[in-house]
Amino acid sequence: MAEIPMFPLGSVLFPYTPLPLRVFEPRYLTMIGHLLDDDDPQFGVVLIERGHEVGGGDRRSRFGTMARLVSVAADAEVLHTLAVGTARFTVDQWLDDAPYPRAEVTQLPQLTWHDALTPLRTEAETIVRRVLARVDSPWDADTELSDDPLAAAWQLAAIAPLGEYDQYALLQSNSLGALLGQVIDLTLEAELLWSAE
């Protein structure tokens, strides 16, 4: 169990996925300042289930992903940061939000890749890219994925055109086979909904 700074958001962060942030709230500016003193600056990201990102009073999810700070640039009263998802965790206990949100967390084991999953990964990628080509999404159908199959599986979950709660279900997967299977099922369900509109 480890105590880490936390950044609750209205979106899900997956391992191996970039997270650009505009940081302007004083408590998170303080957090980034403290992180810049660390040799390995990481913070936790969890989905806000209810409430708002600004000002507290939110309800936060139990599963999250560590984010490693990659770059920070200052602009007037805003910091533009880029982080990348690393390991998943579960929140054991939330601590005092002063000076910024913190929690005690337990890291989850890394999922493992097996070559037998290659056909499933290929199918998931084909479906996700096909649906991305037909819908309005922050990701496009040509989005590049990692050559590492483990990283690519998580990146597929991130670019699949799904809502936050479907993404949160994917984050809790206990095997890569389950993750890829759910990516396929949820993306096909979403495609049916769009086709019906």
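**View 1. Strand 2 pairs with strand 5 in this predicted model.** Strand 2 covers residues 18-23. Strand 5 covers residues 78-94. The two are antiparallel, with six bridges between them. Look for L19 to get your bearings: the residue opposite L19 is A83, in strand 5.

**View 2. Strand 4 also pairs with strand 5.** Strand 4 takes in residues 59-75. Eleven bridges link strand 4 with strand 5. Here too the strands run antiparallel. Find D75, then cross to its bridge partner in strand 5, V78.

**View 3. A hairpin connects strand 4 and strand 5.** Two residues lie between the strands of this hairpin.

**View 4. Strand 5 pairs with strand 6.** Strand 6 spans residues 102-107. Its pairing with strand 5 is antiparallel and uses five bridges. W94 marks one place to look: A103 of strand 6 stands opposite W94.

**View 5. E125 sits in helix 2.** This helix runs over residues 118-132. Is E125 buried or exposed? E125 has a relative accessibility of 18%, and the cut-off for buried is under 20%. E125 therefore counts as buried. Which residues does E125 touch, once neighbours within four places in sequence are set aside? E125 is in contact with L145 and L156.

Conventions:
Residues numbered from 1 in each chain as written. Predicted model: local features only at pLDDT ≥ 70, side-chain atom pairs only at ≥ 80, totals over all residues. Heavy atoms only, no water. Helix = DSSP H or I, 4+ residues; strand = E, 2+ residues; numbered from the N terminus. Buried < 20%, exposed > 50% of the residue type's maximum accessible area, 1.4 Å probe, protein only. Contact = heavy atoms within 4.5 Å. Pairing = 2+ DSSP bridges.
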